[in-house]
Amino acid sequence: MNLNPGTKPLPIPEEELLDLAGRVPTPFHVYDAEGIASCLRRLEAAFAWHGDFREFFAVKATPIPAIVSLLAKNGAGADCSSLAELVMAERCGLTGDRVIFTSNDTPAEEFAKARAMGAVINLDDLSHIDFLEKSAGLPDLVCCRFNPGPLKQGNAIIGKPEEAKYGFTRDQLFEGYRILRDRGVRRFGLHTMVASNELNPQYFIETATMVFTLATEIAKILGISFELLNFGGGIGIPYRPGDTAVDLEAVGRGIAESYRANYAPAGLPRPRLALECGRLITGPYGCLVSRVLHIKHTYRDYAGMDACMANLMRPALYGAYHHISVLGKEDRPRDHIYDVTGSLCENNDKFAIGRVLPELVPGDILAFHDAGAHGSAMGFQYNGKLRCAEYLRTAPGQFSLIRRAETLDDYFSTLVWPTP
Ligand SMILES: *Cc1c(COP(=O)(O)O)cnc(C)c1O
């Protein structure tokens, strides 16, 4: 058995992380602005052939204004799924067709807010047509989310499409667009999101083909046309040292070929093409930096960190792998095996189980890789654990605070205290 997981480059130079960890309290999340912006540029370049492509950053992946506005300045829109995300996008200067509202089980006030911002509303269910009409009125442009069910294989994070709660069935889509058309909607979008953290480029090309074919059929049968075809997010990232990043150029080229073969011949107006990736854009360019508080030897060897699953819960939630670098010790032999834990009173509060690392001592600084998306975003306050500070590297050696650490006063501020 090869216990050595291999090595992986850090998104920010090791010396800079160590220097920052020496100056500010740990734990903290830190992101590299240039890494994020250049990933967005690569994605846009892969679709330059189309002339009308937009990435709508999935705000839920990294809901931090500094990051949403960095992406907005570089041309991205926002994919929002809640009131808070809509408000954040708006406060970062994104409204109108730069925002897509893809929600499910949606409260009326969220539809109303999306409508007021002029956002593209992406409906999750046939019954939401009436609900949207009552809560906010039908906008000019309506998008619907397709769930292909057994027609498409899912994966471990999102599950099988036929077991997923999202979207319309194929028959419901025809019904839905017919109702929308008959109630005066004239502009249409079609959306699907069937994968999460998928590393196979072919998967995205197949998804696009499915959308092109379906949109052509719906357009012909109902006499409508689509302005927006949105293939969702879900492009995976290489969490493990052996994983290969998705070749974005190959995805772009494959979708271009599919467009020419499956959409262009129908002679329909040219739609905007969209993706709403979160993980791809910010995941690899952020890490969680944390200090070893205790080393414990019982039936196993434990490294107890000053961070816990409230700072990064993917390992505890889905057994996800996050690579660990021991800063300043990367060239030491990896000849110790640790369970790397947090301090929650939950036995699954572990960043890694049985991980091969160099020998650790209290005070060592660890970086958990690929925490830039679905990392701090999933944070919670169980056990009174507070959110840590977050920093953005704006230039080599330059970091700005983009979220301060929560304080006990923040935590207690919503509680009603009994008078003694
Ligand atoms: C979560 C989500 C995304 C982003 O997923 P990633 O895996 O971060 O790319 C995009 N669209 C919808 C509708 C989502 O729910």
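**Figure 1. The loop between α1 and β1, with P27.** P27 sits in the loop that runs between α1 (14–23) and β1 (28–32). The model shown here and in the following views is predicted. The peptide bond leading from T26 into P27 is cis. Its omega is near -5 degrees.

Figure 2. The ligand has 14 residues around it, and K60, G234, E276, R279 and H374 come nearest. By class, this shell consists of three nonpolar, six polar and five charged residues. In the side chain of E276, an N or O atom is 2.6 Å from a nitrogen atom of the ligand. D79 places a polar side-chain atom 3.4 Å from a nitrogen atom of the ligand.

**Figure 3. Pairing of β13 with β11 and β14.** Strand β13 (residues 336–341) runs parallel to strand β11 (residues 301–305), and three bridges join the two. Within this pairing, D339 of β13 stands opposite Y302. Strand β14 (residues 350–357) also pairs with β13, here in the antiparallel sense and over five bridges. The residue of β14 that stands opposite H336 is L357.

Figure 4. β16 (389–395) and strand β17 (residues 398–403) run antiparallel and are joined by five bridges. F399 in β17 is the bridge partner of R393.

Figure 5. The loop between β15 (365–368) and β16 (389–395) contains D370. D370 is not a glycine, yet its phi is positive, at about 60 degrees.

**Figure 6. The second largest cavity.** The model has three cavities of 30 Å³ or more. In the second largest cavity there is about 40 Å³ of space. Its lining is made up of H29, A310, N311, S376, G379, R387, C388, E390 and R403. Sorted by class, these are two nonpolar, four polar and three charged residues. Several elements from the earlier views contribute to this lining. H29 falls within β1 (28–32), and E390 falls within β16 (389–395). R403 belongs to β17 (residues 398–403). S376, G379, R387 and C388 come from the loop between β15 (365–368) and β16 (389–395), which also holds D370.

**Figure 7. The second largest pocket.** About 350 Å³ of space lies in the second largest pocket. The pocket is lined by 19 residues, of which R42, P238, A245, P284 and Y285 are the closest to its centre. The lining has 12 nonpolar residues, together with two polar and five charged ones.

Note on methods:
Residues are numbered from 1 along each chain as its sequence is written. This is a predicted model: local features need pLDDT of at least 70, side-chain atom pairs count only at pLDDT 80 or more; totals for chains, interfaces and linings use all residues. Side-chain values use heavy atoms; hydrogens and water are left out. On a 1 Å grid over the protein atoms alone, a cavity is a set of points where a 1.4 Å probe fits but cannot get out, and a pocket is an open set with protein on both sides within 12 Å along at least five of seven lines; lining residues have an atom within 4 Å of a point. Grid points are joined across faces, edges and corners, and a volume is the space filled by probe spheres set on the points. Ala, Val, Leu, Ile, Met, Phe, Trp, Tyr, Cys and Pro count as nonpolar, Asp, Glu, Lys and Arg as charged, and the others, Gly among them, as polar. Two strands pair if DSSP finds at least two bridges between them. Helices (H or I, at least four residues) and strands (E, at least two) are DSSP runs, numbered from the N terminus. A residue is near a molecule or strand if one of its heavy atoms lies within 4 Å of it. A polar contact is a pair of N or O atoms within 3.5 Å; within protein, one must be able to donate a hydrogen and the other to accept it, and residues adjacent in sequence count only if both atoms are side-chain atoms.
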